[in-house]
Amino acid sequence: MLDAHRPHSPLPNAVGVGYKPQHFQDIQDAPGPVSWLEVHAENYMGDGGRPLAQLRALSERFAISVHGVGLSIGGESPLDPDHLARLKHLVQWSNPASFSEHLAWSTHSSGMDTEMGGEFLNDLLPLPYTNSTLTQVAAHISQVQDTLGRQMLLENPSSYLAFEASTWSETDFLAELVKRTGCGLLLDVNNVFISATNLGYAPQGYIDAYPLAAVGEIHVGGHDEDEDDHGAPLLIDSHGSEAVEPVWDLLAYALAKTGPRPVLIEWDNDVPDWASLRAEAQRGAEALGALAKT
Amino acid sequence: MTWSQDFRAALLTPDAPEPKGLSNGANAPAGRRYAVYRNNVAVSLREALHASFPVLVKLIGTQNFDMLAGVFLRAHPPKSALMMHYGADMPAFLTDFAPLQHIAYLPDIAQLEGAIRQSYHSADASVLDPARLGSITPDALDTARITLAPSLRMVCSKWPIFDIWRYNMQSDAEKPRNIAQNVLILRAQFDPAPHPISAADAAWITATQNGATLGGAQNAAAAVEPTYDLGPLLTLLIQNNALNDLKTKDQP
């Protein structure tokens, strides 16, 4: 067991990719501009075998970001103590450069009786932004940071709908969470573009209002296009294709305000060959490079 | 109901009305925007089941499996965020699932596929140097205990589950024979592989897993097959790094 409180280097202000096992060899043979990798925490919570062996090998060469998708920080139910313990074990074992999670929920206890524990719905579900949820989410973030002995980054969601009960804007809600818990933020510019299109506001305005000083990582990814009941565009966060031009524009817009930050390419479905993913990473590297020249 | 109970209530019930209090961001009802979440949850769970049970998919076809998955995921949503364990309830579910009860071997196939996946994610362990087996006197060996690798799994069936598995996973495999089969799953390094073993071998494995001495395990196997020879099974276990440790009687 490693020391939970040993120092960890931060993620480099360079480009990384979401790691997929089929790229294990290629990524080491020809990393191109990629200097760090992001892994989904839950895929490395088994007891052993290939996943942990690959993570161990990759850690020797690349900075690692552990990105959780199952902690349910935005939920009303208490955090699952077993899941939190597994996360602590993984973070202690791998000592990643960063740990991040989502402003969303995915587990649900069916009632006050906890006989069977909860259920896990395997999606990032939305929450209303109220004083009550603010208190709950802040408590969950503090519990995670206390358990892990480190700061975490919280990612802005992609939204398909809004809660009428919300009394906070998303950006104010995030800023208040930063203030109350000292957490950092993960700015997903694809999510910003999706939410802004779906809910009818300007994505640049969202970024202007975002607590940018807290941003420790930026995500770029692809989405699908659909329509709602009224024929209005409805973008779906699918991570199954290249990022579109407006999302690259938003990356440049955000980087111009934040300065250099770690930039991640997310491609989780219909995963392409390494050359195609590396080409996306190259675009990310160029966005960071353009920043250095100005 | 709280906001999340409201949101959850209609999530896995396609014909239930959408929860109240959701909008499109411009004061119109959310409508089918809520269906995005319904779709995400159902599709992601269905795809996880597809990935976990490739032989079941081949045996009953994609359309039937999708229907099965749709009923299963509503009756048994995942209990934890470890999707690698999702589907552990599938064998028991299939046993009671009337539309597929005429294919009586399906539960055992589901159990075999689940065991292969559990083996894949199970702990690594040190491998016993086979020379140690030869370095111990026969008497001491009789009272020694073997620890098997944590990645070892076994599924015993009255159906030809190994043949069925192989016929659906390998292009040049023979057609399944009408026999009962016991399958040992071994993970030499990272990739679990199933191996058919005899009923006496299965008795030896069960006894050893339950803490029997080598002598005790031999007796358990001999009760099934009086002239039992451990040699072939021992070779298989050694070749697949499936022996973890050997403790003699004097050791703590």
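Leaving aside neighbours within four places in sequence, A:Leu154 is in contact with A:Glu101, A:Leu103, A:Ile141, A:Leu174, A:Leu177, A:Cys183, A:Leu185 and A:Leu186, where contact means that the C-beta atoms of two residues, placed from the backbone, lie within 7 Å. This is a predicted model, in which local features need pLDDT of at least 70 and side-chain atom pairs count only at pLDDT 80 or more, while totals for chains, interfaces and linings use all residues. Residues are numbered from 1 along each chain as its sequence is written, and chains are lettered from A and ligands numbered from 1 in the order in which they are written.

A:Leu154 is also one of the residues that touch the most other members of the largest nonpolar core, which has 139 residues; A:Val189, A:Val220, A:Leu251, B:Leu56 and B:Ile109 are likewise in this group. A nonpolar core is a set of buried Ala, Val, Leu, Ile, Met, Phe, Trp, Tyr and Cys residues joined through C-beta atoms within 7 Å; a residue is buried if 20 or more other C-beta atoms lie within 10 Å of its own, exposed if 12 or fewer, and partly exposed in between, with C-beta atoms placed from the backbone. The largest share of this core, 7 residues, is supplied by α2(B). Domain 1 (1-103) and domain 2 (124-252) of chain B each contribute at least three residues to this core, the domain bounds coming from an automatic or database domain assignment. The C-alpha centres of these two domains of chain B are 38 Å apart.

Chain A contains 9 helices and 13 strands, which are DSSP runs numbered from the N terminus (helices: H or I, at least four residues; strands: E, at least two). Because a compact globule of 294 residues would have a radius of gyration near 19 Å, the 18 Å found for chain A agrees with that expectation; the radius is taken over C-alpha atoms, and the globule rule is 2.2 Å times the number of residues to the power 0.38. The C-alpha atoms of chain A fill a box of roughly 50 × 50 × 35 Å along the principal axes, and buried residues account for 47% of its 294 residues. Of the contacts in chain A between residues at least 6 apart in sequence, 76% join residues at least 24 apart.

A:Asp226 belongs to strand β11 (residues 223-227) of chain A and, not counting residues up to four places away in sequence, touches A:Leu234 and A:Ile236. A:His8 lies in the segment before β1 (15-18) of chain A and, with the same exclusion of residues up to four places away, touches A:Asn95, A:Pro96 and A:Ala97.

Between the chains, 37 residues of chain B are in contact with 38 residues of chain A. On the chain B side, α1 (3-9), β1 (22-23), α2 (33-52) and α6 (106-121) each supply at least two residues, and α2(B) gives the most, with 8 residues. Strand β8 (residues 162-163) of chain A is joined to β1(B) by 2 bridges, and these strands run antiparallel, pairing being assigned if DSSP finds at least two bridges between two strands. Within this pairing, A:Ala162 stands opposite B:Ser23.
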